[in-house]
Amino acid sequence: MQLLFVRPEIKAPSGLPMRSILTSYLISKNFEKHESSLHTSRIATILCSDSKQSMYCQMLCALLQRNEVVCVGSVFGSTLVQAIRFFEDYWKELCSNIRRGQLSAWISDTGCINSLSMILNKPNPELADLIEDICNAKSWEGIIKKLWPGTKCIDAIGTGSMAQYIPMLEFYCGGLPLVSKYYASSEGLLGINLKPLSKPCDTCYTLVPNMAYFEFLPVHENNEEERSKKEVIEVVDLVNVKLGQCYELVVTTFIGLYRYKVGDILKVTGYHNNAPQFQFVRRKDAFLSIDSEKTAEDELAEGILQAKLFVGQFQLQLVDYTSAVDISLIPGHCILFWELKMEGSSKSPELSPSIIEESCYIVEQSLNFVYRASRMGNLIGPLEIRMVKHGTFDALMDFSVSKGSSVSQYKTPRCIKLEEALKKLNSRVVGRYFSQQLPGYKTLKWKLNKSVMHARKINSFGD
Ligand code: AMP
C-alpha cells in the first residue's frame, strides 16, 4: 500500500509547463508498466487530480486488499499522517461502501469509478464488520498493524523536516519499523539507506557516487556567517570529506546543472567502502515546512513586504509579525501572527476581513512553486493571518528576555516553534483570517509602481 499523488501541472510565465518529479514519474509509461501492479492503489486512483477522491479511492483499494499488504507507505511521512487523519473522517463511509459493494456517489472521477468497479463488485459485510470493529476500539494506537495485519514496515521518509511526524507515526504503527529508504531530490537520486531498519534519528544515507558529480562546501554550524565573510570557502571533493564535518551539497548533473547548491546540509557519519555516508542535518533555507514544501525566510519576507504595502493603502501599519505552521489540521497550513495599528494612532484598528484575506493571498503569491502547487493540490491549506492585540510583540520580547535573550540583541523571531511562545501569541489573538483564493501566476492586481513601493518601504514601520 503506497499512497501516491500527482500534483497539478502549472505554467511558468514563459508558458512552459512545470510539474514535480514524482508526478512526472507517476504519469510515465515506466511506472504503469513496471511498478503500478505492485501497489494496492489502482493507477487511475493515483492519477486522479482531485486529491480527496484520490485519497478516498486509494484507501478503499487498500482496505479491499488488506490481506495482501506487506508494507504501508508514502513518499514522505507527512502524507501518511494526513492519510490516517483522512481515514478518521471517512472510515464509516468506506465501511458502508464495502458492506454494500457500492462506491459513494460523490466519487465522480471516471478513472476512479471504473477501476474501483473491478474490485468493489459485491457486498462484503464480513470485511466491513471487521474494519468497523477495529475502528471502534477505544484507542487507535497501532491501527495500521490491525487494519493491514501482514505489514512488515512503514516505508516513508522520516528524516529532516519529516522528523516532526515520527511520534504520530509511531503511535499509529504499533512498533513497526519506519524505513527511510532514500535521500532524493529533483536534482537526482542522491543517497540510499543501506541500513533500512535503523531508527529515523540514526538514519544515514550513502551517496551514490555515479548519480552526479558531488562536491561539498564545508559548513561551520556555530559561526557560519562570520566564517564565510572572512574566508574563501574551498569546495571539497567526495573523496576528501572529513568524518564529523558538515557540508552543503553541490552537484553537477547529467541534465546540466553545474555546481548547483541543493540547499541541504549533511554531516559525514561514516563510509560504505569508499563512499561517504551522511546524516541529513537540515535545509539551509528551511524556515516553515509543511508536507514536502519548504518556505525560505526571504520568500516570506518578500511576501510580507508586499502585503505591508497593500495594507498601507488603508492607513494600516504592520507593527511586527512572526510565523508558525499548524499541522494539527489536514492539510497543514502556514500561520502569520500580525500586530497592526492605524497610521498616527496607537489604537488597534477596525479591520475589514476582505483586506486581511487579500493580504493572506498576497503573501501566498510570493511563495515558491512547490508551495503554490501544493496549495492547488490541497496538500497545504489556505494561509492564515492571526491578528494579535496591541503590545503582543512587546510581550513576546519580554518572554524571550525572561528566557535569557539580551534586550539589546533581541530580534523578533520570524518563525516560532517553541510551544510556550506559541501559547503566548495564541492567547492574544483577536481575529483569524484565511486566504480565499488559490495562488497562481496572476499579476497582483494592486501592484504599485516602483517609486511608490520604495517610498512606502522607507516610511513603513519596522524597516
Ligand atoms: P525536491 O527537490 O522538491 O524533490 O525536494 C528534495 C528535497 O527534499 C531535498 O533537497 C531534501 O531537502 C528533502 N529530502 C529528500 N529526501 C530526504 C530525506 N531522505 N531526508 C530528509 N530530507 C529529504
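**Close-up views of the predicted model**

**View A. Q315, with a relative accessibility of 40%, counts as partly exposed.** On the scale used here, buried means under 20% relative accessible area, exposed means over 50%, and partly exposed lies in between, with a 1.4 Å probe and protein chains only. Q315 is found in the loop between α11 (297-312) and β17 (316-326), and its phi is near 60°, a positive value in a residue other than glycine. Residues are numbered from 1 along each chain as its sequence is written, and side-chain values use heavy atoms, with hydrogens and water left out. The model is predicted, and local features therefore need pLDDT of at least 70 and side-chain atom pairs count only at pLDDT 80 or more, whereas totals for chains, interfaces and linings use all residues.

**View B. N273 lies in the loop between β13 (260-272) and β14 (275-283).** Phi of this non-glycine residue is also positive, with a value near 50°. N273 is exposed, having a relative accessible area of 68%.

**View C. The rings of Y56 and W106 form one of the 12 aromatic pairs in the structure.** Their centres lie 5.0 Å apart and their planes meet at 70°, so the pair is edge-to-face. Rings of Phe, Tyr and Trp (its six-membered ring) pair if their centres lie within 6.5 Å, and planes under 30 degrees apart count as stacked, over 60 as edge-to-face and the rest as tilted. The pair links distant parts of the chain, since Y56 belongs to helix α4 (residues 51-64) and W106 to the loop between α5 (77-100) and α6 (110-119), 50 residues apart. Y56 is buried at 0% relative accessibility, whereas W106 is partly exposed at 30%. Together with F86 and Y90, these two residues form one aromatic cluster. The charged end of K52 sits over the ring of W106, 5.0 Å from its centre, a term that requires NZ of Lys or CZ of Arg within 6 Å of the ring centre and within 35 degrees of the ring normal.

**View D. F87 and W140 form a tilted aromatic pair, with ring centres 5.7 Å apart and planes at 45°.** This pair too links distant parts of the chain, with F87 in helix α5 and W140 in the loop between α7 (125-135) and α8 (143-147), 53 residues apart. F87 is buried, at 3% relative accessibility, and W140 is likewise buried, at 12%.

**View E. The charged end of R414 sits over the ring of Y321.** The distance from the charged end to the ring centre is 4.2 Å.

**View F. The largest nonpolar core has 51 residues, and those with the most contacts inside it are F87, I131, I144 and W148.** Such a core is a set of buried Ala, Val, Leu, Ile, Met, Phe, Trp, Tyr and Cys residues joined through side-chain atoms within 4.5 Å. Two or more residues come from each of α4, α5, α6, α7, α8, β5 (153-157) and α9 (166-173), with the largest share, 11 residues, from α5. Apart from this core lies another, of 24 residues, among them L300, L336, W338 and L340.

**View G. W148 is in contact with M1, A62, L63, R66, V69 and V72, leaving aside its neighbours within four places in sequence.** Contact means heavy atoms within 4.5 Å. Across the protein, 67% of the contacts between residues at least 6 apart in sequence join residues at least 24 apart, and buried residues make up 49% of the 463 residues.

How values were computed. Helix = DSSP H or I, 4+ residues; strand = E, 2+ residues; numbered from the N terminus.
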